[in-house]
Amino acid sequence: MTSATVTWIAYCRGGFEEEAAADLRRLAAVLDVAIDVEVVAAKAIVVARGHPDELHRLSDGLTHAPPVFARSLFVGSDALALPGFTEGGSRADRVTPLHAVIAARRDDGDGPWQSIWVEYPDTNDGKALSPLARTLERRLDATLRAAGALTTDATLRLHVLLTSGTQAFVGTSDDPERSAWPLGIPRLRMPGSAPSRSTLKLAEAFAVLLDNADRAALRPGLHAVDLGAAPGGWTWQLARRGLKVTAVDNGPLKGSVAADPLVTHLREDGLRWRPRRAVDWLVCDIVEQPRRIAEMIGHWIADGATRRAIFNLKLPMKKRYDEVRRCESRIAEIIDAAGLHHTLRVRQLYHDREEVTAFVKRVD
Ligand code: SAM
């Protein structure tokens, strides 16, 4: 495959490159295309090379093989070498070679684009590239805008990914493969009154895993159960939206949620406890074997105890990808056996560490 000039470039959490590579292999299998996957020099990035025509079909496969660990994807070309430092030690001009590559794309009929993002891997080395990325983005944006190459009604986004100060990938992304945020990192501010940082995990799950209709179902008057609720970060997100929350945990709730009239705290075993009546939402952040959580969530849906559940699967084991796939299968098996239909989306969110977050919904 040495003649290949098209690549898929995926962003992931550092240390999860093998899992993101597995995402790309699964996608390639669904599309029936041959790819070579490579974890490139920079961490938190995975690159797959294949035949140009085939790799452009990326989005066709995403509904059948949605990535779990690849946060965002774009279709690009081979890595571009950028000049380093000049003899005097100052930064060489990197705008000109990047602009030449982008101009060649326009000559080939690509563009106009909605916007240009200059990004870098989500690692400490990557963050050191952020000042360079900002400067390049400002300059390329101005040049392309002046040339009419960026327009608000376009759908494709142009990406420049700096993997070092002297190497970049250039490409484009469309929905659904791309993230709505640069580097696939949502900008969420830690709410001052929330009792734990894990509140951001549920806020991100709402932003990334739910569509508008599901988000609209997070409304006052509905009832949610939060299993493994303490100290209350997830409960805080639900109560803030006006939902009544049954927070199940032997540990104490802290901060404002502890006295919130919308919150009922039960000191029970969340793995066994069930509500008397069906609830609108279930959320679960219990630290337990992923398969046990998957089993429990499958039964909540299959038994009609809830229609929607957001839950976290902790992945301290080596074969993390296989474990996620096994959990997906087990949930499907349990719900199918009840004669019900569901959708299930599993993602490693930016705020997830050694874990993934999932949203399952009954759809009939
Ligand atoms: N989501 C919470 C937040 O935002 O503040 C953090 C949850 S913390 C990661 C996990 C919680 O699960 C702990 O408070 C622990 O007490 C609780 N837990 C563990 N096993 C449990 C069980 N069987 N039933 C209920 N809670 C459990």
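Trainee: Which residues does phenylalanine 69 touch, not counting residues up to four places away in sequence?
Mentor: This is a predicted model, in which local features need pLDDT of at least 70 and side-chain atom pairs count only at pLDDT 80 or more, while totals for chains, interfaces and linings use all residues. Residues are numbered from 1 along each chain as its sequence is written, and side-chain values use heavy atoms, with hydrogens and water left out. Taking contact to mean heavy atoms within 4.5 Å, the residues that phenylalanine 69 touches are Tyr11, Cys12, Phe16, Glu19, Ala20, Asp23, Leu315, Tyr321, Val324, Gln348 and Val356.

Trainee: Which members of the largest nonpolar core touch the most other members?
Mentor: A nonpolar core is a set of buried Ala, Val, Leu, Ile, Met, Phe, Trp, Tyr and Cys residues joined through side-chain atoms within 4.5 Å, where buried means under 20% relative accessible area, exposed over 50% and partly exposed in between, with a 1.4 Å probe and protein chains only. In soluble globular proteins, nonpolar side chains tend to be buried together. Of the 54 residues in the largest core here, those touching the most other members are Trp8, Phe69, Leu227, Ile297, Trp300 and Phe311.

Trainee: Which helix gives this core its largest share?
Mentor: Helices (H or I, at least four residues) and strands (E, at least two) are DSSP runs, numbered from the N terminus. The largest share of the core is seven residues, and the element they come from, spanning residues 17–31, is helix H1.

Trainee: Is serine 72 buried or exposed?
Mentor: Serine 72 belongs to strand E4, which covers residues 72–77, and its contacts beyond four places in sequence are Ile9, Ala10, Tyr11, Glu177, Arg178 and Ser179. Because its relative accessibility is 4%, serine 72 counts as buried.

Trainee: Which backbone atom does the side chain of serine 72 reach?
Mentor: A polar contact is a pair of N or O atoms within 3.5 Å; within protein, one must be able to donate a hydrogen and the other to accept it, and residues adjacent in sequence count only if both atoms are side-chain atoms. At 2.8 Å, the atom reached by the side chain of serine 72 is the backbone nitrogen of serine 179.

Trainee: How many residues apart are lysine 314 and glutamate 355, whose side chains meet in a salt bridge?
Mentor: A salt bridge is a side-chain nitrogen of Lys or Arg within 4 Å of a carboxyl oxygen of Asp or Glu, and for lysine 314 and glutamate 355 the N to O value is 3.1 Å. The pair links distant parts of the chain, with lysine 314 in strand E13 (residues 306–314) and glutamate 355 in strand E15 (residues 355–362), and the separation is 41 residues.

Trainee: Why does glutamate 354 count as partly exposed?
Mentor: The side chain of glutamate 354 meets that of arginine 320 in a salt bridge (3.3 Å, N to O), and arginine 320 is buried, with a relative accessible area of 12%. Glutamate 354 counts as partly exposed because its relative accessibility is 41%.

Trainee: Which strands stand at the edges of the open sheet of seven strands?
Mentor: Two strands pair if DSSP finds at least two bridges between them, and this sheet has the order E11-E10-E9-E12-E13-E15-E14, with mixed pairing. Each edge strand has a single partner strand, so one side of each is left without a neighbour in the sheet, and these strands are E11 (263–266) and E14.

Trainee: Which residue is the bridge partner of valine 248 in E11?
Mentor: Strand E10 (residues 244–248) and E11 run parallel and are joined by four bridges. In E11, the bridge partner of valine 248 is leucine 266.
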